[in-house]
Amino acid sequence: MANHVKFLRSLWAKSRFSKDATAYHSFPFLRMDKIRLMSVPERRFSRGNRHSLPPYSSCQVNKIFTSRLEHRSSFIMKDLYSSRARFMSNFEQSPSNEASDTHSNTAEEGMTSIQNTFETLTMKLERLGSINAKDILRAVKVFEGCVENVTTKDYEKLLHMTLRMVEEEYRSCGSHVQRVWKLTEGREDLVNLAHIELYLRMCFLAEVPVNPWNVLSQLKALNLEPNRAVLDLFMLLYGWRGDIAGATNTLAIMKERDIPITETTFSSLIVAHGVNKDPHGIQSVLDTMRSVQMTPTRITYEALMTAYAISGSIAEVKRVAGQLKKEKISLSQSQLSSVLLSLIKSGQAGAGFENLDYIVELMEDAEGKMDLSRLVLQCIHSDYVREAIHLLPRQPLIRQNNHLYSNAMVYIREMVHARVEPELLVEMCNDLRRQEINQYSLEVALECALGEHRENLAWALIQALKMVGNPVRQHYFWPLLHYSALTNDSSKLLGCVKEMVNLGVTPDLETLRDHVIPGLIINHPLLTLDMLRGVGLKTSQATTPLLIVLIRNKMLDQCFEFVKEVKPLSLRDIIAPLASTWAANPRRVISLLAILREMNRATLSEGELEPDWGGQFVLDLLNSRAGLGVSQIQPLFEELHKHKIGISESGVDILMTRANKVIQQAIRDNLKIVYDPSLGNPPKEEEYNLLPHPNKMSVEELECHLVELRAKGLNTRGTLRRLLIMHASNNNIQRVLSLFKEAEADEVNLSGGMMSSIMATLVESGKADSAIAVFNELQTKYPSFNVDCYKVIDLCTLLVREKRMEDAVNLLNKYLKDSLKPRSKKSIKRNCWNLLMAAAENQDHKNTKTIFEILHANKVIDIDTVITGPLIKARLSSEDLAGAVKEAIDLYEQYKCLPMRIEILVQLILQSKQGGTSTKESEELLQSMLDTIVIARGSVQARHDLLFACLEAGQPSDAKKVLQNMGRNVDMQLVERQCDRYAKTEKDEPLLHFLSACRGTNTVDRYRIYKALLNLYYKQNAGEKGLSLWTIMQEDEVTPAPPFLSTLASLLAGSNIKIPFRVP
């Protein structure tokens, strides 16, 4: 160190120093092992001249640097007042300008593509005050297309423009700098000393890795000598990298050329020692400055605070700040921002960010307007998100935006763009909500994530919305479903639907109709329905949208096949798509309408009027894109009459009001063909009324109606009750609770039925304590009201899942003792089974048995194989096989039912294969279980159960032995039923084992196994497995039937696999 200081002093003795000359604008970057420190130059814009560029005001620039800066500004401003008539070209819009290969030689154009580019950049700089990275990228593309025609002047202007962009860009733009400099490859004539200086500045600001000695070698190759500006940049680069040796060599070059040392040189050395965490070196450089009578200015003090911050000497940072205050020297906002960023990048923010708060307080006391926005954005893009969000509340006016949704929106968007991890982003959004900066931060982040195709982040944000109680709307999922559909992978699309169901957001008709089913294979609608049911949808939810998609695709054969097999269909939603496809096949569409009408009539209660489906069909046909012509009315009415479909008086009236005069006359002339006064109104009659009844309003309409009634001081009782019921049915917990409080405030008495619905909603949402509180209040308020049995059983199920077994048993006992028994045991069988299975999954056989006995003693359940299954499940869950066999024998002896036979056999077979002392015991238990099955179901059933158990246990060789022993006693009905069960539960391994076991035997029809496997693969959209199945069939010489080939072809086509056979 002493030698180093001596070298500095000797160099200083030969140098000339001007007291008023200061360094290049103070320390914009610090580099230290992937750590960077950027300051924000303080800029002021002149109000008098809107075209003037903002000068630097943080410090004066020395003579050489000042001349360079003015030289660069002159290039940028040269064309600002050029001709406005041709200032804009097709540079941004036209790809031909971006990849232009030749200059324009036409005299009429008056400018080349390069000149057009500069005019565009100049105009953007004039109007917006800045140039972004995309603008530079477009310019580089133009230069690359005509690089041989680029002049030195053009290239220098491009460098100046790029430097302006780098100074203001907060995102990484190093690749743009490298691409600009790459233009000089093969064009050494474009490189001069000014260009080298501009390139070094851009590398310095954009963190482009550059070795100054390589630059020096390039200068020697071009016969150029480095000037003072270039060497000062060398010192800055070495200083911020902590390269003392490189800085010393640069000082030696400056000594050789008799270049005076400025305060910037010492400041660079101070920072270099700070990067190396050498406080003694920092002090030595400072002592050297004082020994040569150089008075430190705020440039040096900024370097000192930065160096101490990097080295972790926070006490020294505060000491320097105190010294500044004592000497009445104030740092600018940009200099303090540089120190603040150095603390962040060096990991010295403090456990509670107290060090950041200290610097921010200094900024608040300093002169000038404090603006942390750019610094926050830099932190976000440098992976310092927590620090950025901590600083955000200190940003002036951050909470004074009237539009709460847009508060801090730019920072949320940049966090998404910076690829912040989903968990961290959710945490930061919750912090913004907690600090009341933006209550909709999660929604803003979700919007940005969907826009940037960040699917994992979008799912994390949707889950976070659900957790905080914000509404999760259907359209949030539409982009995710769309992205999944674009992959042509049905399993991914169905996975999204399953995730929606797991989140408690069941896809509605519009979502399924427009965003889910169109992305699936629908050639075999019944299999498609199985796929939708396999992800948690009910049959009633999936059938209507599936039929609508079939109708839209004009797949009428599949429509007729589908409606014969399924029952729950909403003709109200189907009739409009039917009308839109009527012109394609009029007779078949009317036939399908007649079938659907008959299905709907079967659901009508006694005395209820049949809706006017014929009138509604004609209305939808009239409103469709194709419309209804005069010549089509008579054939249409005759076809409707042929299928006994009429039109009501109300339907005729609406038709007359919505049709033109020509159509009206045609309807009058043919009305007698279809007129039927016994029909009711068209189902969608309310759509033609301006003021719908509250009972027919949507949730959104009811909310608006409630606000209107309150504003007018009218009675809100009916609307409140209706809203409460609708939100309870939609499982909207937060709104239910808020409406509950509003009802109390408006003195609206909730009925027992409404409170019961609220309790059921709370149970479905997993809020056990709230549900019990509502139940107790209901019992107190309406002691004679009988709550539906299934709701109480579901509440008990929730308690059991939360391991509150005692509370569940007490509640169930009390309810069954005081309330009426359910009339239909069949209707609550599933709820009782869920309760028993919840207890069994807790591996608690004792309490499972207790609940079973309570339900049986109170005559809530009928004993059968299904309802006794949880008693066996409880034993198997606790790995008590002996207890499971004994329980099965006791159940048969007591109730004559034998549940979970195959499950017990599977576990016994697996245990017997493990070896050891337990093998003999397992074999004895296996024989005992088989004997019981023989007594209960006969020897044939026992052998089949053993066969299926071997298959599920993964023992095809044992299964083959069982088949050989059975001979021709194989019951193909039992086999086919079990294969269908495997296909439905998507268990392909037992089916594949079954194929292996069947080889060499002729007692089993293997084609049925192949058929079950194909249906399973079709549901999974597993095209590769389907192709493998075809190969196995060819090896086994099994001839498939035409329906099998058609289904397999649909599966392969949906997976973009070439079909290896001719489709029948």
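Reply: Let us begin with helix packing. Helices here are DSSP runs of H or I with at least four residues, numbered from the N terminus. Axes are lines fitted to C-alpha atoms over the stretch in contact, with angles from 0 to 180 degrees between N-to-C directions. Angles under 35 degrees count as roughly parallel, over 145 as roughly antiparallel, 65 to 115 as roughly perpendicular and the rest as oblique. The axes of α5 and α6 cross at roughly 160° and come within 10 Å; the two helices are therefore roughly antiparallel to each other. This is a predicted model, in which local features need pLDDT of at least 70 and side-chain atom pairs count only at pLDDT 80 or more, while totals for chains, interfaces and linings use all residues. Residues are numbered from 1 along each chain as its sequence is written, and side-chain values use heavy atoms, leaving out hydrogens and water.

Me: How many aromatic pairs does the count come to?

Reply: A pair of aromatic rings is described by the distance of the centres and the angle of the planes. Rings of Phe, Tyr and Trp (its six-membered ring) pair if their centres lie within 6.5 Å; planes under 30 degrees apart are stacked, over 60 edge-to-face and the rest tilted. The count comes to 8 aromatic pairs. In one of them, F118 and F143 have ring centres 5.8 Å apart and planes at 80°, so this pair is edge-to-face. F118 belongs to helix α4 (residues 113-128) and F143 to helix α5 (residues 133-145), so the pair ties together parts 25 residues apart in sequence.

Me: Are F118 and F143 buried or exposed?

Reply: Buried means under 20% relative accessible area, exposed over 50%, and partly exposed in between (1.4 Å probe, protein chains only). F118 is buried at 2%, and F143 is buried at 0%.

Me: Which class does the pair of Y155 and W181 fall into?

Reply: Their ring centres are 6.5 Å apart and their planes stand at 45°, so the pair is tilted. Y155 lies in helix α6 (residues 152-168) and W181 in helix α7 (residues 174-182), 26 residues apart. Y155 is buried, at 0% relative accessibility, and W181 is buried too, at 11%. Y155, W181 and Y199 form one aromatic cluster.

Me: How many disulfides does the structure hold?

Reply: A disulfide is a covalent bond between the sulfur atoms of two cysteines. The criterion is a pair of cysteine sulfur atoms within 2.5 Å. The structure holds 0 disulfides. Among its cysteines, C704 is exposed at 56% relative accessibility, whereas C950 is buried at 5%.
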